[in-house]
Amino acid sequence: RLPIVSRILYNKPTRSLNILNTRRKRIVLLGGGHANCLVLKHLHQELKGSAKITLVSENSYAFYSGMLPGCIGTFYRPEQITVYLEPVARYFNCDYVFKKVKRVDPNQKVIVFEDESFLEYDALSMNVGSRTRGTFDVKGVTEHSITTRPINRLLERIENREQQLLKQGKTPKIVIAGGGASGVELALNSQNRWEKFFSCKVPVTLISNIDDLLPGYNNITKKLVADIFAQRNVTFIKNSSVSEVTAEGAFYKDLNSGKTNFAEGNVTFWATGAEAHGVLRDSGFNVDNLGFLYVNDHLQVPNHPDIFGGGDCINMQSFTSFPPKAGVYAVRAGPIIANNILAAISGDSTKLQKYVPQQEFLSLLATGDGKSIGQKFGISYYSNWVWQMKDYIDLSFMNMFDPNLIFKRNETSSFRRKEPEELENLADKQESQREREKAYNYSVEEAARRLMDWRSNDLSFKDRMFIVERMGMQSDFKQQVISKVQSTLPIL
């Protein structure tokens with residue numbers, strides 16, 4: 001198996017397929033999210049111009065969701081987390097259409113735009129994202145809150161509210177509806193941003209309609225977040241549902257007592273999870289109760305073998321509410337969709353590849369203090385090195401689509417003079433390989449000690465990253481390390 005970052009980013013379709021036809025096939029990628037960016041990259045490598053590829057998006061850019069909380073917290077500049085779609089499309093010899101889609105007609109194989117123009121396709125990959133759940137169901141949300149989805153608008157809306165508060169001579173008081181990962185990261189990173197910007201303490205109230213933080217996370221991670229909240233002036237209100245948002249805050253109903261209370265705030269974030277855009281239902285596709293597109297194990301739309309889906313907009317028929325709306329699943333789906341598009345346009349269904357979403361992935365929460373919480377294999381860790389590992393993985397993904405880097409590459413010549421930064425990258429790779437070899441030789445006791453030594457700055461983040469990688473590859477080693485770690489932790 002490949003190392004962690006290689007498995008995530010560089011997994012290729014299984015093979016090139018011979019596409020024999022009298023005309024070039026027309027492949028359309030609808031949406032510029034994580035999945036379709038990787039579909040585009042792999043199709044470019046495999047087809048080498050033998051098909052016509054078109055990327056369609058109503059946005060000229062796409063934020064990388066994994067880095068957005070860090071950007072809100074001012075750890076990244078906006079351009080560092082942005083994939084600029086037009087130059088990326090140009091590099092990959094792909095047409096780019098900057099329009100909003102009204103509907104897809106799967107029977108006529110056309111995409112209809114809002115101006116009633118249309119685009120024909122032979123194969124279609126849908127990666128259209130999602131919107132925030134309940135945005136139009138609760139009074140005042142659209143007028144008085146900042147919704148977290150679509151994520152391309154989130155940073156702009158935060159900056160606009162920032163300037164409004166500045167002109168009004170006010171300091172922020174934050175209310176957040178939603179106690180999942182998005183709400184937690186938003187609470188800590190928006191607080192960090194505005195405490196620096198306004199030079200004052202910024203209180204945060206986070207309201208959840210369940211009795212716990214971070215559903216789906218383990219108790220250690222929940223305890224770590226609760227401790228951070230206690231230190232950082234973040235109030236958590238559980239078992240409560242927001243019933244109305246106003247300019248002064250949010251009314252919420254206690255689901256146990258039925259009593260209505262009010263949380264004061266002049267900035268309200270709506271982070272209540274995802275629901276689908278209307279274009280999927282309007283197109284007549286088979287969708288679930290939240291409007292998400294049903295796909296089979298090949299990420300293929302049932303009854304429409306020429307259409308595939310990935311990212312936030314899908315729900316797999318084989319699972320109940322799975323996979324989660326997390327970027328890691330979209331990234332892993334990209335190469336599978338590319339392979340299956342190749343199979344579809346070749347007419348050879350035997351080449352279709354199944355997508356098997358991992359049951360557990362390395363979850364990384366940015367905590368707005370130069371640290372992150374990592375969780376995998378039932379173990380959690382909170383440290384600077386977790387943030388450094390997250391930064392390394394995220395930037396590795398973004399470098400694939402950075403116009404400043406991709407146009408420097410010459411794929412046809414292996415003899416050109418290497419740039420200084422490439423020589424530096426070569427040295428980094430050699431050092432990484434040495435660290436990987438060390439990590440693969442640690443005893444169980446040494447590996448457990450290093451993973452749980454949160455406060456030491458003497459150890460490289462790669463040292464720990466390769467231990468986690470080794471745990472994913474060696475099941476006996478993984479179980480022994482887990483047992484050792486759990487035996488040294490307090491019962492939570």
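Visitor: In which sense do strand 1 and strand 9 (residues 123-126) pair, and over how many bridges?

Guide: This is a predicted model, in which local features need pLDDT of at least 70 and side-chain atom pairs count only at pLDDT 80 or more, while totals for chains, interfaces and linings use all residues. Residues are numbered from 1 along each chain as its sequence is written, and side-chain values use heavy atoms, with hydrogens and water left out. Strands (E, at least two residues) and helices (H or I, at least four) are DSSP runs numbered from the N terminus, and two strands pair if DSSP finds at least two bridges between them. Strand 1 and strand 9 pair in the parallel sense, over four bridges.

Visitor: Which residue of strand 9 is the bridge partner of Leu30?

Guide: Strand 9 covers residues 123-126. There, the bridge partner of Leu30 is Met126.

Visitor: Why is strand 1 (residues 26-30) described as largely enclosed, and how many of its five residues are buried?

Guide: A residue is buried if its relative accessible area is under 20%, exposed if over 50% and partly exposed in between, using a 1.4 Å probe and protein chains only. Strand 1 is largely enclosed by the rest of the structure because the number of its five residues that are buried is four.

Visitor: Which handedness has the β-α-β crossover from strand 1 to strand 2?

Guide: Strand 2 (residues 52-57) pairs with strand 1 in the parallel sense over five bridges, and Val28 stands opposite Thr54. Between these strands the chain passes through helix 2 (residues 34-47). With the strands pointing away from the viewer, a clockwise path from the first strand over the helix to the second counts as right-handed. This crossover is right-handed.

Visitor: How many aromatic pairs does a search of the whole structure find?

Guide: Rings of Phe, Tyr and Trp (its six-membered ring) pair if their centres lie within 6.5 Å; planes under 30 degrees apart count as stacked, over 60 as edge-to-face and the rest as tilted. Across the whole structure, the number of such pairs is 13.

Visitor: Is the pair of Tyr91 and Phe92 stacked or edge-to-face?

Guide: Tyr91 is buried at 14% relative accessible area, and Phe92 is buried at 5%. Their ring centres are 5.0 Å apart and their planes lie at 75 degrees, so the pair is edge-to-face.

Visitor: Over the face of which ring does Arg470 lie?

Guide: A charge sits over a ring if NZ of Lys or CZ of Arg is within 6 Å of the ring centre and within 35 degrees of the ring normal. At 3.6 Å from the ring centre, Arg470 lies over the face of Phe477.
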